Amino acid sequence: MPQVTHPAAQKGDFLVDYEEKVFEDVKAEPGEKALVTFHTVAFEGSIGFVNLLQATRLQRKGYDTSVLLYGPGVTLGVKRGFPKLGDSAFPGHQNFNEQITKFIAEGGKVYACRFALQALYGHGEGALIEGIRPINPLDVLDVVLLHKKAGAVIIDTWTL
């Protein structure tokens, strides 16, 4: 039977070299844009939250950054809580709301499809986190096309 001869990892130990950066720290040139789209359900995997963090990082790198919530992605942008709105029923319950609020406060733009809000999830515009702009379902494609024409960085977030 093989034996483990090195000491067990302890709290505070480093398991990887987190300080080495392999690539240059890219910053946006003036006028560069980024779009992060979300067609994913809140709390069904980490991709929704991770790419909200990516959107915030893009904003901080100087990109004029927008987030598009459409289809099930609108569930990331609704006010939540239990027993009252704003209450955390469990640790991390307000992650989406807090990250979107921070992103908007730092100058990011968030759009949510009105069709998905009402027809798919039964929410009205008043259910959205403050600062999210509801848009016509015909605008969903156009916001992507406008960003493509501008040469934007586009990150599409999907879960199946």
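This is a predicted model: local features need pLDDT of at least 70, side-chain atom pairs count only at pLDDT 80 or more; totals for chains, interfaces and linings use all residues.
Me: How does the chain get from S1 to S2, and what is the hand of the crossover?
Reply: The chain passes through H1, and the β-α-β crossover is right-handed. The word is used because, with the strands pointing away from the viewer, the path over the helix runs clockwise.

Me: How do you know that S3 pairs with S2 and with S4?
Reply: The cut-off is at least two bridges. Four bridges join S2 to S3, and these strands run parallel. Val 67 stands opposite Val 110 in S3. Four bridges also join S3 (residues 109-113) to S4 (residues 132-135), again in parallel. In S4, Ile 135 is the bridge partner of Cys 113. Both pairings therefore qualify.

Me: Why is S2 described as largely enclosed?
Reply: Five of the six residues of S2 are buried, so the rest of the structure largely encloses the strand.

Me: Why is Thr 37 called buried?
Reply: Buried means under 20% relative accessible area. Thr 37 has 1%, so Thr 37 is buried. This residue is found in strand S1. Leaving out residues up to four places away in sequence, Thr 37 touches Leu 68, Tyr 70, Val 144, Ile 155, Asp 156 and Thr 157.

Me: What makes the link between the side chains of Thr 37 and Asp 156 a polar contact?
Reply: The limit for such a pair of N or O atoms is 3.5 Å. The contact between these side chains is 2.7 Å.

Me: Which residues have the most contacts inside the largest nonpolar core?
Reply: That core has 34 residues, and those with the most contacts inside it are Val 67, Leu 68, Leu 69, Leu 76, Ile 100, Val 110 and Ile 132. The elements giving two or more residues to this core are S1, H1, S2, H2, S3, H3, S4 and helix H4 (137-149). Beyond its neighbours within four places in sequence, Leu 76 is in contact with residues including Phe 38, Leu 52, Leu 69, Phe 96 and Ile 100.

Me: Which residues of H2 are buried, and what do they pack against?
Reply: In H2 (residues 95-105) they are Phe 96, Asn 97, Gln 99, Ile 100, Phe 103 and Ile 104. They pack against helix H1 (47-60), strand S2 (64-69), S3 and S4.

Me: How do you know that the buried residues of H4 line one face?
Reply: The buried residues are Val 140, Val 143 and His 147. Seen down the axis of H4, they fall within an arc of 75°, so they line one face of the helix. An α-helix has 3.6 residues a turn, so residues three or four places apart point the same way. The face turned away from the buried side carries exposed residues, namely Leu 138, Leu 141, Leu 146, Lys 148 and Lys 149.

Me: What makes Asn 136 a cap of H4?
Reply: A side-chain oxygen of Asn 136 lies 2.7 Å from the backbone nitrogen of Leu 138, at the N-terminal end of H4.

Conventions:
Residues are numbered from 1 along each chain as its sequence is written. Side-chain values use heavy atoms; hydrogens and water are left out. Buried means under 20% relative accessible area, exposed over 50%, partly exposed in between (1.4 Å probe, protein chains only). Contact means heavy atoms within 4.5 Å. A nonpolar core is a set of buried Ala, Val, Leu, Ile, Met, Phe, Trp, Tyr and Cys residues joined through side-chain atoms within 4.5 Å. A polar contact is a pair of N or O atoms within 3.5 Å; within protein, one must be able to donate a hydrogen and the other to accept it, and residues adjacent in sequence count only if both atoms are side-chain atoms. The arc is that of the directions from the helix axis to the C-beta atoms.
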